[in-house]
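Okay, thanks for making time, everyone. I'd like to walk you through one model today, so let me get it up on the screen.

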Amino acid sequence: MDLDHARTVAVEAAEAAGALLREGMRGAVGVRAKGEAGDVVTDLDLASEKLLLERILTAYPSHTVIAEESGLVGAAGGEWTWLVDPLDGTNNVAIGLPAYVVGVALCRGGRPVLGVVHDPVSDHTWSAVRGRGALSAPAGSSSGVRLAPPYAPSPHGPLLAWTQGYGVRRDDATVRGLRSALELNARRVLQLWAPLLAWAMLARGDIDGIVGYRAEAVDLPAGALLAREAGIEIRALDGGPFEECIDGTADDRSFVAAHPRAVPALLAVLGLDG
């Protein structure tokens, strides 16, 4: 498997989907309810996903794809599985807020080996191949700049992002405890409704950390791999090892992520340092 070629396929597909979304945002966006928890889906989600599926399956017809709207495409349990988030930030788009990205990951045996995040608003793309670092590049560029966010603590506390899965109940006691600790101790807590955008910000060094609780499986691997390859450390909420696999439980997708020197303080902020 040529992962450099896979990266090219994924980047070009994500950027084409991003151009479709950007153009679509100039007109009326068709929005309808999705599920029973107040979530929504737009015509742009579906159009972007159709484009991404066509690009990926044309290049890799024997691979499996798990897409946010279509679900499983192909046989489950194969060696290679693509994860497609065609519009991360749908709720933002639905209200006209330009904070959304496209995410693509390739997993081998359930473990991500390639992650791509494209921001149509800034027309910028971040990508990572496991063991080869993370790159930042303008859309259409054949090269990029290596990401390596510095350790830059603030005397006023960390700037953090929060993400949680759609299925988490509003009255979940763990969420209430974690959110309360963050609000008391962090400088700011962002909830962007676009977790892949938060992962890109962490990999760039724009924010100090992310706390996730039962995060969604389709977007976590691409973002987590991007951040890890930029030098970010990710731990489970008990402070133990964390692996961004696609076949774990919802609780397996709960984590803290920050610069390695900042992780102990972040666990302490949350009262998770034992």
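This is a predicted model: local features need pLDDT of at least 70, side-chain atom pairs count only at pLDDT 80 or more; totals for chains, interfaces and linings use all residues.

Before I point at anything, one convention: I call a residue buried under 20% relative accessible area, exposed over 50%, and partly exposed in between, with a 1.4 Å probe and protein chains only. By that rule D171 is partly exposed, because its relative accessible area is 44%.

Residues are numbered from 1 along each chain as its sequence is written, and side-chain values use heavy atoms, with hydrogens and water left out.

Two strands pair if DSSP finds at least two bridges between them.

Helix α1 covers residues 3-24, and its 22 residues reach 31 Å from first C-alpha to last, close to the 32 Å expected at 1.5 Å a residue. That expected span is 1.5 Å times one less than the number of residues. D2 caps the N-terminal end, with a side-chain oxygen 3.0 Å from the backbone nitrogen of D4. Inside α1 you'll find H5, which counts as partly exposed at 42% relative accessibility. The C-alpha atoms of H5 and A59 are separated by 9.8 Å, though the two are 54 residues apart along the chain.

Next comes a hairpin. β1 (residues 31-34) and β2 (residues 39-42) pair in the antiparallel sense over four bridges, and K34 stands opposite D39. Four residues sit between the strands, and G35 in that turn has a positive phi of about 75 degrees.

On to the sheets. What is the strand order in the open sheet of eight strands? Reading across, we get β4-β3-β5-β6-β7-β8-β9-β10, with mixed pairing. β4 (71-73) and β10 (145-146) each have a single partner strand, so one side of each is left without a neighbour in the sheet. At the β10 end, two bridges join it in antiparallel fashion to β9 (residues 134-138), and S136 stands opposite V145.

Helix α2 (residues 43-59) lies across β3, β4, β5 and β6, at about 155 degrees to β5. Helix α6 lies across β5, β6, β7, β8 and β9, at about 95 degrees to β7.

Among the buried ones are P221, G223 and E229. Just after α6, G231 takes a positive phi of about 110 degrees.

Then there's the open sheet of five strands, ordered β12-β11-β13-β15-β14, again with mixed pairing. The edge strands are β12 (188-190) and β14 (233-236), each pairing on one side only. Neighbouring strands here are turned by 20 degrees against each other on average, direction ignored. β11 (residues 159-164) and β13 (residues 209-213) pair in the parallel sense over five bridges, with L160 opposite G209. Helix α4 (residues 173-185) lies across β11, β12 and β13, at about 170 degrees to β11.

And that brings back D171, in the loop between β11 and α4. Its side chain makes a polar contact with the side chain of R169 at 3.0 Å. A polar contact is a pair of N or O atoms within 3.5 Å; within protein, one must be able to donate a hydrogen and the other to accept it, and residues adjacent in sequence count only if both atoms are side-chain atoms.

D123, in the loop between β7 and β8, has phi near 55 degrees, a positive value in a residue other than glycine. W193, in the loop between β12 and α5, isn't a glycine either, and has a positive phi of about 60 degrees.

Last topic, cysteines. How many disulfides does a search of the whole structure find? Zero, taking a disulfide as a pair of cysteine sulfur atoms within 2.5 Å. The sulfur of C245 is 8.0 Å from the closest cysteine sulfur, in C107, too far for a bond. C107 counts as buried at 0% relative accessibility, whereas C245 is partly exposed at 24%.

Conventions
Axes are lines fitted to C-alpha atoms, for helices over the stretch in contact, and angles run from 0 to 180 degrees between N-to-C directions. Contact means heavy atoms within 4.5 Å.
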